[in-house]
Amino acid sequence: MNAFQYATASSSESAHELVASNGAYLAGGNDLLSLLKDYLVSASILVNIKSLPGLNKIMHGEKAWTIGALVTVAEIERDADVGRAFPGLHEAAAEIGSQQIRNVATVGGNLAQHSRCWYFRHRDTVCLKKHGDLCYARHGENRYHSLFTGNDCISPVVSSLATVFAALDATAIVLRDAKETRLTMSELYQKAWEDPTAHNSLYPGDLILRVEIPAGRRRSAYLQASDKHAFDWALVSCAAAADVVDGKLKWPRVALGSISPKPHEVAAANEFLEGKTLDEATAAAAADLILKEAKPLEYNAYKVPLAHALIRRTLLKVKGDA
Amino acid sequence: MPEWPAQTKYIGQPTTRVDAAPKVTGRARYSSDIQANGWLYGMILRSKWPAAKILSVSFDKARGLPGVKAVAVVRETPFTVRYYGEEIAAVAATTKQACLDALRSIEIKAEPRERFVVREDEGRKADSPQVWEGVANAPAPRARNTGDVDAAFAECAAVIEGFYTTPVQIHHPMETHGSTVSWTEEGVTSWASTQGISSVGDGLAGSLKLDQSKVRVITDYMGGGFGAKFGAGVEGVLAARLSREAKAPVRLMLTRFDEALAVGNRPSSFQRIKLGAAADGTLRAFEMDNYGTAGIGAGAASEGGGGGADIPAPYLYKVPNSRVKQKAVAINAGSARAFRAPGNPPASYGMESAMDDLAVKLGMDPVELRLKNDPSPIRQREYALGAERFGWKQKYRKPGSSPGVVKTGVGCAGAAWPAGGGSHQTQGEAQINPDGSIEFRLGVQDIGTGTKTVIAVVAAELLGLRPEQITVKVGDTHFPPGPGSGGSTTCASISPTVYDVCTKALQQMQTQSGLADVRGENWYPACKKLGVNPLVVHGQWQPGLSSDHACGVQFAEVAVDTETGLVTVTKVVAVHDCGLIIDKLTLESQINGGVIMGMGYALYEERVMDDLSGVVLNPNFETYKLPGIADVPEIDVVLLNMPERGVIGIGEPATVPTAAAIANAVANALGVRVSSLPITPAKVLAALGKVPAVAT
């Protein structure tokens, strides 16, 4: 890796100041260190934010829960209250990486992680995402790539937490230019949808502080399909959340990961599900709506039936016995 | 003729590895742990072009960087590189980062070739860019004909045709390739991660133009090789050259990235098979047209064997009329090397898939079809034994008839391994000390299979001692020479050798001590009579104590989610024979490892290359997928102990039939075949007709 300076910040403000325009925040380091070692990212300074006060807590309020950006994935996984309130969040956390990775991976890092596209990650290909001329995956090995995109890059968002946060209608609170900015999951990745070189909508120096999840959707579920049974990326992931009143869905939301540069949500499907009693046919109709605009490529068309199955299963899981 | 004892205390029983404690506590020093005095890091610069002429390599900037002690170019410029990742130059420096910085400072003038080829189907075309100038990528196939194939097919009651394909698989031993090399005026010492200390010594002496007496190779502990670690390797020779220039030991271990590119792989196969049988299932006609790639090379270029892409066909079976055509297609990719049972896992996958497809067409039980045609009486016994243990009769159903979304299925396949016998040149010695301690020294190496333990078990049995009383030293070319750990030959090489050493030791001890029986409780009194000097006894491999040709059959049960395509292997019954069992525990461990590796071949592993850039896209364990513990099923190992056959190796046959058995189980579950390994969710969904067509 290239040489860098190193500093430990004691407050969000000082962290922001230290990182300036060319630095990077260091928390769990899972993604950042491998990016640095592979010379995919260069930072003049690494600002250790692990001891920033207040960012490592899970808090339960009347209207919303707050999960600090430094809360680890393992902490989410083993927090029984989170498991009861947001089963889907618990399930998503449990699927991330390996136990060792979850022990150090943070919520903020999971949301801010870069593309896993194997062309982007390769040291000797200069693809669109690396400011090259061409998306190699589009005409090459695209089995792990997107069914939807707003630009020429087809690398998908792979954050499992972003998928479930989207279904839970969560908001990321980001420190930007000394002010707190609120971004929905859709907004947090909108720039990756539009701009092939972007991984998310964060500007240099932006610091994710916490995520707020509105209470109210008492049911949620997350499922992912992978090549292997554990410690593998999702080929497709799906999260759904809703409340169920008298057997009918209230505020239903479905989001998918690994098929679009941002969590894939279709408002028409959510509207369709509102007030419905869930059964196989309803779930399938919702899945049709969600995948209607899919543009499969040579090697990723299998993701269409796979996503369809996951949507149906996740919705039926949300319904549970109700 | 010598004979193994009929009654045994240790042979055939489970004995814990003699080096288990150092291995699990981290005390064992593997080749990659060696820290020779004043050692430097070594690293290799690899081609970023899939094909290029390297005109010049300049180290002017690299040499000036802090910590850089030596540089080397792989050969005199100009030279040609033929695949992404081929070695160009190397550096030695005081830190890893200094090496990395130095590699990035090396200036190369190159003429990249505009055209190259990384896909077998492209390489076959007449106009494909030539990997070797002036030589066709796909020469005329080698053909072999027996009988009258066309006439025989015309008379068959059932004929099937299939196109079965297997990917390039990478060895990926847990410890990467490499060594620490120290070159001083006395000579060269290499602490190598190798499965052949003698072949590494030979290779280093040859490449460095040194007397063989000046080269010593030491391998105390090494982390796997699977056939890819016989030679000194480009990396070993570069380490030596850097050491000479730096006047310091150089540790040059490859990275995981490097492992995916340049140190061997199993060739792919694209097998078009036609198979026909009479109404009673007797095989009558077989035809195969197969091609695969061994990358840029074969034979001599593959550092110790392997090479080529041919596979044995029609594998286990005798078919009176057969026509086989095979060829290797050169592409711009790293060369193949011997890989655990070279040729056999792809052969097993293709032929055993065809057998199951034929069984379906004949309306026959797949086990019955095999019993009808398999010429091996041992496998006949193993099928009977395994079917009983597995519950085949209860579990086997018509293909695709399993109800529900998650469908279960069962499959089986057989293995053959023609080698596994002993190397007749194996020698060994024991030093018996007056205090009763005894040390065996053999110039073999423990590739991880339990070689040291086998020596201890055999010696303990014959001397009437306990395995822990035997000190075992291997992995040093100063010891009496032994074979490389390949062809599953080690066990059958060392067991008769240790037998001979023990027999001679007992004779000499009797003579010197005057005691009629020096074994067991008489051992220490007898040793005391040796006086001051230890007794050193030399022995060598003896006939009559080992043989070859192990068999084996495996049964697999799977559950396939027909909506997500995920295959879960729920059970494998592995029935194997290897003659006289020496250590049951390390034997079972070998079979477990073989099954898990076969499972990786069936479901996960595949080198993926990019057409446009020529790079390997998955040079890591993130996307080169290997089985994890969550993927591994219950493995039921059933052993056939056949002392009358003597000792036979097991390393290779254990992995041969797994992928075929799993693939057959998946086909049985689905009612359609996924005829391409690895069987990924994408391919399962495609086989089920669920994937929408895409205009390309």
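This is a predicted model: local features need pLDDT of at least 70, side-chain atom pairs count only at pLDDT 80 or more; totals for chains, interfaces and linings use all residues.

From helix 9 of chain A, A:A162, A:F165 and A:A166 meet A:M185, A:S186 and A:Y189 of helix 10 of chain A; contact requires C-beta atoms, placed from the backbone, within 7 Å. By class, this contact has five nonpolar, one polar and no charged residues.

## The buried side of helix 10

Helix 10 of chain A (residues 185-194) has A:M185, A:L188, A:Y189, A:A192 and A:W193 buried, that is, with 20 or more other C-beta atoms within 10 Å of their own. These residues lie on the same side of helix 10 of chain A because they cover an arc of only 140° around the axis.

The buried residues of helix 10 pack against helix 7 (107-112), helix 9 (160-167), strand 6 (171-176) and strand 7 (179-184) of chain A.

## Chain B against chain A

In the contact between chains, 30 residues of chain B touch 26 residues of chain A. Helix 18 of chain B (residues 681-687) gives the largest share of the chain B side, four residues. That side divides into 14 nonpolar, nine polar and seven charged residues.

## Conventions

Residues are numbered from 1 along each chain as its sequence is written, and chains are lettered from A in the order in which they are written. Local features need pLDDT of at least 70 and side-chain atom pairs count only at pLDDT 80 or more, while totals for chains, interfaces and linings use all residues.

Note on methods: A residue is buried if 20 or more other C-beta atoms lie within 10 Å of its own, exposed if 12 or fewer, and partly exposed in between; C-beta atoms are placed from the backbone. Helices (H or I, at least four residues) and strands (E, at least two) are DSSP runs, numbered from the N terminus. The arc is that of the directions from the helix axis to the C-beta atoms. Two residues are in contact if their C-beta atoms, placed from the backbone, lie within 7 Å. Ala, Val, Leu, Ile, Met, Phe, Trp, Tyr, Cys and Pro count as nonpolar, Asp, Glu, Lys and Arg as charged, and the others, Gly among them, as polar.
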